[in-house]
Amino acid sequence: MIEKTKVLIAGLGAIGGYFGCKLCASNPNDGSLSIEFLVREKSVSFVQEQGLMVRDGGLEITGKPDDVFHDARGKGTYDYILICTKTPDLLGILDCISQSVGERTVIIPLMNGVQSVLQIKERFPSALVCYGCTNIVVRKVGDGAVEKFSEFEKLHFGIPSQMDDRLTYFYQLLRSAGIDAGLTEEIEPVIWTKFLFISSAAASTCYFNATFGQIRSNRDFFDTFLALLDEGIDLALKMNVRLNLGTKENIIGMLMATPIDATTSLHSDLQDNNPRNEMEELIGFFEAKSKEMGIGMPYHQMVYESLKKK
Ligand SMILES: NC(=O)C1=CN([C@@H]2O[C@H](COP(=O)(O)OP(=O)(O)OC[C@H]3O[C@@H](n4cnc5c(N)ncnc54)[C@H](OP(=O)(O)O)[C@@H]3O)[C@@H](O)[C@H]2O)C=CC1
Ligand SMILES: CC(C)(CO)C(=O)C(=O)O
C-alpha cells in the first residue's frame, strides 16, 4: 500500500489559493498525496463543487482539492500544514488546527512578519516549525479563485542551522508542482529581507496613499521609503539579526520589480477599512521595538501615529 502524504492548507485566500491550487493541479492522484483545505464555513460547498482556479496573465490553472472543510476535527493529523491567514488570524487558525498537529507534523507559516514562528512553537512544541515567506503579488478574486499580478514568485522556507528529510521531501513536492521554492538553513536573512521590504513598502504606500509605481517615481515618496528602510535595517542589526551584504540594494531591487499599479495588502486593507489588517505586525512592530530598545525611529513613528489617527 502507498503511504499517503497529507498536506493541509489552513486559510484559503490569495496565498493559500495560489500555492494550494498549484499543488492540487500537479497531484498525481494515485493515492500518494492528499491536498486538503481548511476554509471559512461559507466557502466550503462552493469550493467543493467548483474547485480552485489561478489566473496568471493569459494562463488559467485549475485544481481539485482532496477535501475542503471548516472544522478539522476528525480529519486526523497532517504531515505538512501551511498557515496562509493574515497575522491577526494566527491564533484563531492555531485553535482550528489543534487536532491536526501530530508528532511528525511540519508547520510552515507563509505570513508576512517575523513573530509568528514563536507563537506557533509555543502552541505546538513537538511540531517541526519552519520559518516561511513568499515573494509574489496575488489577490483573491472569488471563493477559491486567485489572480497573480507579479512576474516573480518565490516560496522560501527553512529552519536556522537545521535540515531534515521532511523538509527536503516537501521542497521536492513544491518544485514538482512548478512552485519556485527555496529551502535553506540560512533562512533568517531571507525572512528579514522580505520583512524589511514589506514593512517599508506598506508604511510608504499607506502613508502617501500610493501605488508601488508612485513610490518609485515620486522623489519625496521614494526618499521616505529609503528612510524607513534605513531605520529598519539599523534596528535589525541592533537586534543582532543576520542580514546578507547588499540587503538594502536587494530590497530596492524588490521595489523596482513590483507591478506599477499594484500596492501592498496593508494599503488595500486600510482603504477597505478592513480591521483584520497587519498594521501592528508590519509597522507597530518597529514602534514597539524602538521604545523597548530606546532607539529613535522618527519615520516609523510619523507613519504609525498618522495611520493610527485614521
Ligand atoms: N497576497 C499577497 O500577494 C501576499 C501576501 N503575503 C502574506 O500572506 C499572508 C496571507 O495573505 P493573503 O493570502 O493575501 O490574505 P487573504 O486575506 O487573501 O487570505 C487569508 C484567508 O484566511 C482565511 N482565514 C482566516 N482565519 C481563518 C480561520 N480561522 N479559518 C478558516 N479560514 C480563515 C481568511 O478568511 P476571511 O477573509 O473570511 O477572514 C482569508 O480567506 C499575509 O500575512 C500576507 O501579508 C505575503 C506575500 C504576498
Ligand atoms: C509582496 C506584497 C506587496 C504583495 O502583495 C506583499 O507581501 C503584501 O502586499 O503584503
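Modeller: A residue counts as near a molecule if one of its heavy atoms lies within 4 Å of that molecule. The model here is predicted.

Colleague: Which residues are around ligand 2?

Modeller: Asn112, Ile136, Val137, Arg139, Lys194, Ile198, Phe212, Thr264 and Ser265 are around ligand 2. Each has a heavy atom within 4 Å of ligand 2, so each counts as near it.

Colleague: What makes the pair between Asn112 and ligand 2 a polar contact?

Modeller: The limit for a pair of N or O atoms is 3.5 Å. A polar side-chain atom of Asn112 is 2.9 Å from an oxygen of ligand 2, so the pair qualifies. The side chain of Lys194 has a polar atom 3.0 Å from a ligand 2 oxygen, and for an N or O atom of the Arg139 side chain the distance is 3.1 Å. These two also fall within 3.5 Å, so they are polar contacts as well.

Colleague: How much of ligand 2 does the protein bury?

Modeller: Ligand 2 alone exposes 280 Å², and the protein buries 93% of that.

Colleague: What kinds of residue make up the shell of ligand 2?

Modeller: Four are nonpolar, three polar and two charged. Arg139 and Lys194 are in that shell, and they count as charged because Arg and Lys are on the charged list.

Colleague: How do you know that Val138 makes a polar contact with ligand 1?

Modeller: A polar backbone atom of Val138 lies 2.9 Å from a nitrogen of ligand 1, which is within 3.5 Å, so the pair counts. The Leu110 backbone has a polar atom 3.4 Å from an oxygen of ligand 1; that is also within 3.5 Å, and therefore a polar contact. For a polar side-chain atom of Arg40 and a ligand 1 oxygen, the distance is 3.0 Å. Taken alone, ligand 1 exposes 890 Å², of which the protein buries 86%.

Colleague: Which element gives the most residues to the shell of ligand 1?

Modeller: Strand E10 does, with three residues. The shell has 25 residues, and Ala14, Ile15, Asn112, Val138 and Glu278 are the closest. Twelve of the shell residues are nonpolar, five polar and eight charged.

Key
Residues numbered from 1 in each chain as written. Chains lettered and ligands numbered in written order. Predicted model: local features only at pLDDT ≥ 70, side-chain atom pairs only at ≥ 80, totals over all residues. Heavy atoms only, no water. Polar contact = N/O pair within 3.5 Å; in protein donor to acceptor, adjacent residues only side chain to side chain. Areas by Shrake-Rupley, 256 points an atom, 1.4 Å probe, with all protein chains shown as cover. Helix = DSSP H or I, 4+ residues; strand = E, 2+ residues; numbered from the N terminus.
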